[in-house]
Amino acid sequence: MTFMIATLGFGALVLTCCSFADRIGHWLDVIDHPDNSRKHHARPTPLVGGIALMVPLLLFMPVEVAVSPTLVDLFVVLGVAGIGFMALGLFDDRHQAPPGIRLLISTGLCGGLLLLEPGLQLDRLDLGPVAIQLGLAALPFTVLCLVGLQNAINMADGLNGLVIGLCIFWTIGLLLYAPPALTPYLSLLLVGLFILLPYNLAGRLFLGDAGSYALGVSIGFLMLYTYQAGNGRLPMLTVVLWLLVPVLDCLRVMTTRILANRSPVHADTNHLHHRLARCWPWPVSVLIYLAVATLPGLAGAFWPGLSEILLLVALGGYGSVIWLTRTRESKRPFEAVERRRNYII
């Protein structure tokens, strides 16, 4: 009963933040203006979606600790990560922090939190028939995974509904495997995401870097905890399937930039969601991305024994979509993105 009341209060707070998104955005000076280059939304839009979700989650953290007292150490990690990465993202939304400084801060914060809670470090890679002991590489490898996921989610945040849809999928997947004590927190997260979704779909708010950074790292820590606490119940290949498409697309784009003698963090319009948006209207482009990114992972969640086959299916699906967008772009004018107004960040 107490948690039900807390859930209603939490939902009401998220809804209130979303309803006053414009005022909050102007107060924080985080309004995203169209530039007719990479940002083709129809009107100035507040970058407060992440704040509208993360601040209520942080405010209700004492309730979550009271409901699940055995997870107090995890909640400390989630709380510090939420505050730290939300602050970093908010600064980036306002001032565009240099990529090197941003990467250094992200790496240091993730590393510090993993030292605070070493049980979250990945000390072994169980990839089906292959098992690798990481030893001294456990800490740097886990930091690399968290920072990589943060950047992959940030790079994918370019179509309304896309990253929130991915986070809904990941949260539902975690609910299938997480210990019962983590269910209340995941339930609150899921409620908040579903409240944010219609506002984002309508173009009334964007997640902003504050949202994509904080959500990305929080999801990463939740996956680490669920994997470690389950003692093998959540297969690592299932997690790989869940994250494959956004992470693979991030690596593809960065590799393409390096091969073109450009900085790997230099912004462009070569991401999968950009390519899809130039070929199909919204929301078709969002649905294609979500289908490629989630369907193999969804199947893997229910039939983990098929993970190796599903991994090949996911790779084939991603490669096929990249090939298809390249083929379609070569046969049509390159102005389609200008017609996706209000849907592309």
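## Where two helices meet

Let's start with a contact (heavy atoms within 4.5 Å) in this predicted model: Cys-167, Trp-170, Thr-171, Leu-174 and Tyr-177 of H8 touch Leu-215, Ile-219, Leu-222, Met-223 and Thr-226 of H10. By class, the contact of H8 with H10 has 8 nonpolar, 2 polar and no charged residues. Here Ala, Val, Leu, Ile, Met, Phe, Trp, Tyr, Cys and Pro count as nonpolar, Asp, Glu, Lys and Arg as charged, and the others, Gly among them, as polar.

H8 covers residues 162-177 and H10 residues 208-229; they pack at an angle of about 20°, with axes 11 Å apart. H8 and H10 are therefore roughly parallel to each other (angles under 35 degrees count as such).

## A residue out in a loop

Leu-136 sits in the loop between strand S4 (130-133) and helix H7 (138-156). Buried or exposed, what is Leu-136? Leu-136 is exposed, with a relative accessible area of 86% (buried means under 20%, exposed over 50%, partly exposed in between, with a 1.4 Å probe and protein chains only). Asp-123 is 13 residues from Leu-136 in sequence, and their C-alpha atoms are 8.4 Å apart.

## The whole chain

The chain has 14 helices and 4 strands, counted as DSSP runs (H or I, at least four residues, for helices; E, at least two, for strands). Of its 345 residues, 52% count as buried. The C-alpha trace spans about 55 × 50 × 35 Å along its principal axes.

## How to read this

Residues are numbered from 1 along each chain as its sequence is written, and side-chain values use heavy atoms, leaving out hydrogens and water. Local features need pLDDT of at least 70, and side-chain atom pairs count only at pLDDT 80 or more, while totals for chains, interfaces and linings use all residues.

How values were computed:
Axes fitted to C-alpha atoms, helices over the stretch in contact; angles between N-to-C directions. Parallel < 35°, antiparallel > 145°, perpendicular 65-115°, else oblique.
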